Amino acid sequence: MWYSIIVNDTRQGFFSSSRELKQGDPLSPSLFIIVVEVLSRSPNCLYRNPNFIPFSNHANVPKINHLVYAYDIIIFCSGDSISVKLVMNTISKYERSSAQLVNRDKIYFLTAPNTVVIRINMIRNCLGFMDKTFTFTYLGCPLYVRRKKIDYFDSTLSNIVKRLNGWQGVFRLIEKHFANFFWGNSVDHKKYHWSSWKNLALSTEEEGVGVRRMEDISDMLT
């Protein structure tokens with residue numbers, strides 16, 4: 001890979017990368033999508049195996065055996081030993097081919113609330129990691145069994161409140177800098193003082209409001 005830095009709208013030479021792809025490289029997301037697509041399609045191939053028993057759900061509901069988002073994956077299957085071992089074999093093949101390893105400290109399995117202890121111990125021995133109980137959070141939303149309870153959503157509400165409290169400081173900062181541009185100094189007679197978009201797109205240290213222009217973002221990524 002070769003890189004060039006743009007200084008004052010002018011490219012300043014080229015230099016090469018010596019250690020694989022750097023973070024933020026435009027090619028990196030494409031390669032990641034290709035690799036994750038392999039991981040996503042591998043569990044689907046389990047349906048072709050006659051020994052695999054899929055996750056039991058309603059007859060009118062589409063068969064879902066996994067959910068993937070970025071680095072997180074949830075795999076659904078029955079609790080018999082053969083199906084569990086087939087899932088682990090699929091994951092092991094992906095680890096060997098991609099050199100990406102499952103984080104054993106964060107991985108766990110969940111069973112129905114009334115699952116017998118003997119079956120839970122059997123799944124522990126097949127998978128090699130421990131189990132947890134419902135509820136758990138996925139993509140910021142609680143996943144639960146049976147009827148929903150208010151306390152399931154306490155963490156979600158807390159995160160929303162924290163995010164809103166952080167935005168208030170940003171809004172105050174933007175309001176302060178916008179006031180310098182658009183409002184007069186007189187308290188009784190306020191009037192507009194228009195400024196160009198070029199001036200508004202400057203950083204706050206340069207008396208701007210910190211709005212980033214799409215042209216600058218595009219030039220940075222090319």
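Colleague: How much space lies in the largest pocket?

Modeller: Bearing in mind that this is a predicted model, the largest pocket holds about 1700 Å³ of space.

Colleague: And how many residues line it, and which lie nearest its centre?

Modeller: The lining of the largest pocket is made up of 48 residues, and those nearest the centre are Ile-73, Ile-74, Ile-75, Ile-107 and Tyr-108. Elements giving two or more residues to this lining are the helices α1 (27–44), α2 (81–98) and α3 (117–127), together with the strands β3 (66–69), β4 (72–75), β5 (109–110) and β7 (136–138).

Colleague: Which element gives the largest share of that lining?

Modeller: That is α2, which supplies five residues, the largest share of the lining of the largest pocket.

Colleague: How do the lining residues divide into nonpolar, polar and charged?

Modeller: For the largest pocket, 37 of the lining residues are nonpolar, eight are polar and three are charged.

Colleague: Switching to helices, at what angle do α2 and α3 pack?

Modeller: The angle between α2 and α3 is about 25°, and their axes lie 9 Å apart. Angles under 35 degrees count as roughly parallel, and α2 and α3 are therefore roughly parallel to each other. Their crossing is right-handed.

Colleague: Which residues of α2 and α3 meet there?

Modeller: From α2 there are Ser-81, Val-84, Lys-85 and Met-88, and these meet Met-122, Cys-126 and Leu-127 of α3. Sorted by class, this contact of α2 with α3 has five nonpolar residues, one polar and one charged.

Colleague: What about α1 and α2, where do their axes stand to each other?

Modeller: The axes of α1 and α2 come within 10 Å and cross at roughly 160°, and the two helices are therefore roughly antiparallel to each other. The crossing of α1 and α2 is right-handed. On the α1 side the contact is made by Val-35, Leu-39, Ser-42 and Pro-43, and on the α2 side by Thr-90, Tyr-94 and Ser-98.

Colleague: How many of those are charged?

Modeller: The contact of α1 with α2 has no charged residues, but four nonpolar and three polar ones.

Key
Residues numbered from 1 in each chain as written. Predicted model: local features only at pLDDT ≥ 70, side-chain atom pairs only at ≥ 80, totals over all residues. Heavy atoms only, no water. 1 Å grid on protein atoms, 1.4 Å probe; cavity = no way out; pocket = protein on both sides within 12 Å on 5 of 7 lines; lining within 4 Å. Points joined across faces, edges and corners; volume = space filled by probe spheres on them. Helix = DSSP H or I, 4+ residues; strand = E, 2+ residues; numbered from the N terminus. Nonpolar A, V, L, I, M, F, W, Y, C, P; charged D, E, K, R; others polar. Axes fitted to C-alpha atoms, helices over the stretch in contact; angles between N-to-C directions. Parallel < 35°, antiparallel > 145°, perpendicular 65-115°, else oblique. Left-handed = near helix turned anticlockwise from the far one by under 90°. Contact = heavy atoms within 4.5 Å.
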